Amino acid sequence: MDAKTVVERFLKINRTLGLVTGVWPYQNARTKLIGRVWSLAIMFTCVLTQTAYLVSFPNVDGAVNGMPYYIAAAGAFLKMGNYFMDEFKLKSMLNHIFNDWAAVESKEEYDIMISYSRRGVLSMLGYLLHIFFPLICFTCFIPVPPLLDIFLPLNESRDRIFIYPAYYWVDNDRHYVPIIAHMIIISYSACCIYCACDTNYVYAVQHACALLAVTKHRFKNANNNLPAHDTRFTERVKYKNVCHSIQAHQRALKYLELIENNHHTYLFISMGMLITAVSVSLLKVASGDHETQWIVHCSFSIALLFHIFVLTVQGQFVINSLHEVYNAICESAWYKCSPKTQALYVLSLRSCLNPPLLTAGGMITLNLRSFAEIIKACVSYYTVMQTK
């Protein structure tokens, strides 16, 4: 399968969002510049208005109320910087994907690659859903207070809903429509930036799992369907098949190292920011001071929690695939091979003992256990803040 077909079948989401935000490395320089300038400019206005709110209302409640959204805006700059500053990172991962598809040798391996690519597409769709669905629902809820004032009026107007705390140097009630329109544009732009960057990470991890699945397939079938009448020829074929399996294993581990090297610092900073944002968001959800804004904090908190889950579960996918490769090597008929071939199995098992894993700065191994620990830390920080 050539690169164009791979993009059309499995990377259409990545390409579309990348073209909009300027992340896609294969677009022409002009559209890339326009997308990047637009993304940076619109997020700069978000940070500017949020900073103006903190300066205009310098109190603890204002800082706590705006901190999760401030972190979300900073996260957009972080994600853009991870790909804007070193575009070669993303391009190298995508080129590796295209080369791997071009090197598929059998129908069985092709089917394995297809199944994991489809799983990658489903993972990306799930990521898009968890980002955009709460925002769409909340966008539909924004006009409810003005409509209720018209059809079910009270003695006073109901409080208007704002997506995040911001100061625009004008009267919020008189200029509500342009202010909320600007906030909606910023919110959808930030969602596009998040999705454009993280969908590449999600698909790259699923591709690494596909390479490990191909490795498992080769090890399981290295000693199958071989002629029994010529022992010397059979041993040569076994040795060649095991070498072929080791090559696939090395290629998969090399790609995992590439993903880790491109994302470990970015993931470490992201995890720290997400822990802070979730802790403060839980505080606002528990307080429930402003009923009209409570649904905003709830939706935002759920999106943050799912975002942490998506980033950490990718590491669990890798760990599971690595364990499957290890078990496939152990369960293969290595005992029927010559000592020369058995030595290759020993080396393969040795490489499985310290495989490259997805980490946050090399300090936090990403898996479901670390997800539980992160949530526990968020709740602990929330409890500390609530007591003060």
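A cavity is a set of grid points where a 1.4 Å probe fits but cannot get out, and its lining residues have an atom within 4 Å of a point. Keep that in mind as you tour this predicted model.

**Stop 1: the second largest cavity**

Select Leu11, Asn14, Leu90, Met93, Leu94, Ile97, Asn200, Tyr203, Ala204 and Tyr255. These residues line the second largest cavity. The space inside is about 40 Å³. Now colour helix H5 (87-102) and H8, which each supply at least two lining residues. H5 gives the largest share, four residues. What classes of residue do you see in this lining? Eight are nonpolar, two are polar and none is charged.

**Stop 2: the largest cavity**

How many cavities of 30 Å³ or more does the structure hold? There are two. Move to the largest, with about 630 Å³ of space. It is lined by 32 residues. Select Tyr69, Ala72, Ala190, Cys191 and Phe300, which are the closest to its centre.

Helix H3 (29-56), H4, H6, H8, H9 and helix H10 (291-331) each supply at least two residues of the lining. Which helix gives the most? H4 does, with eight residues. Colour the lining by class.

**Stop 3**

Select Ala103, Leu211, Val214, Arg218 and Arg251. Among the 15 residues lining the second largest pocket, these lie nearest its centre. The pocket's volume is about 210 Å³. Three helices each supply at least two lining residues: helix H6 (107-141), helix H8 (176-220) and helix H9 (231-287). H9 provides the largest share, five residues. Colour by class again. This lining has seven nonpolar, three polar and five charged residues.

**Stop 3: salt bridges**

Side chains of opposite charge can pair when their charged atoms come close. How many salt bridges are counted here? The count comes to 12.

Select Lys79 and Asp198. They form a salt bridge, with the closest N and O atoms 2.8 Å apart. Follow the chain between them. Lys79 sits in helix H4 (residues 60-84) and Asp198 in helix H8, so the pair links distant parts of the chain, 119 residues apart. Are these two residues buried or exposed? Both Lys79 and Asp198 are buried.

Now select Lys107 and Asp111. This salt bridge has its closest N and O atoms 3.0 Å apart. Why are the two separated by about one helical turn? Because they are four residues apart in helix H6. Lys107 counts as exposed because its relative accessibility is 60%, and the cut-off for exposed is over 50%. Asp111 is partly exposed, with a relative accessible area of 36%.

Go on to Glu235 and Lys238. Their side chains meet in a salt bridge at 4.0 Å, N to O. They are three residues apart in helix H9, so about one helical turn separates them. Glu235 and Lys238 are buried.

Finish this stop with Glu8, Lys12 and Arg15. Salt bridges link these three residues in a network.

**Stop 4: the cysteines**

Select the cysteines and look for bonds between their sulfurs. How many disulfides are found? A search of the whole structure finds zero.

A disulfide needs the two sulfur atoms within 2.5 Å. Cys209 counts as buried, at 0% relative accessibility.

Then pick Cys330. Cys330 is in no disulfide either, and the nearest cysteine sulfur, that of Cys352, is 7.9 Å away. At 33% relative accessibility, Cys330 counts as partly exposed.

**Stop 5: spans from the record**

Residues 37-55 are 100% helix and 0% strand, and the end C-alpha atoms lie 26 Å apart. Residues 176-197 are also 100% helix and 0% strand, with the end C-alpha atoms 32 Å apart.

How values were computed:
Residues are numbered from 1 along each chain as its sequence is written. This is a predicted model: local features need pLDDT of at least 70, side-chain atom pairs count only at pLDDT 80 or more; totals for chains, interfaces and linings use all residues. Side-chain values use heavy atoms; hydrogens and water are left out. On a 1 Å grid over the protein atoms alone, a cavity is a set of points where a 1.4 Å probe fits but cannot get out, and a pocket is an open set with protein on both sides within 12 Å along at least five of seven lines; lining residues have an atom within 4 Å of a point. Grid points are joined across faces, edges and corners, and a volume is the space filled by probe spheres set on the points. Ala, Val, Leu, Ile, Met, Phe, Trp, Tyr, Cys and Pro count as nonpolar, Asp, Glu, Lys and Arg as charged, and the others, Gly among them, as polar. Buried means under 20% relative accessible area, exposed over 50%, partly exposed in between (1.4 Å probe, protein chains only).
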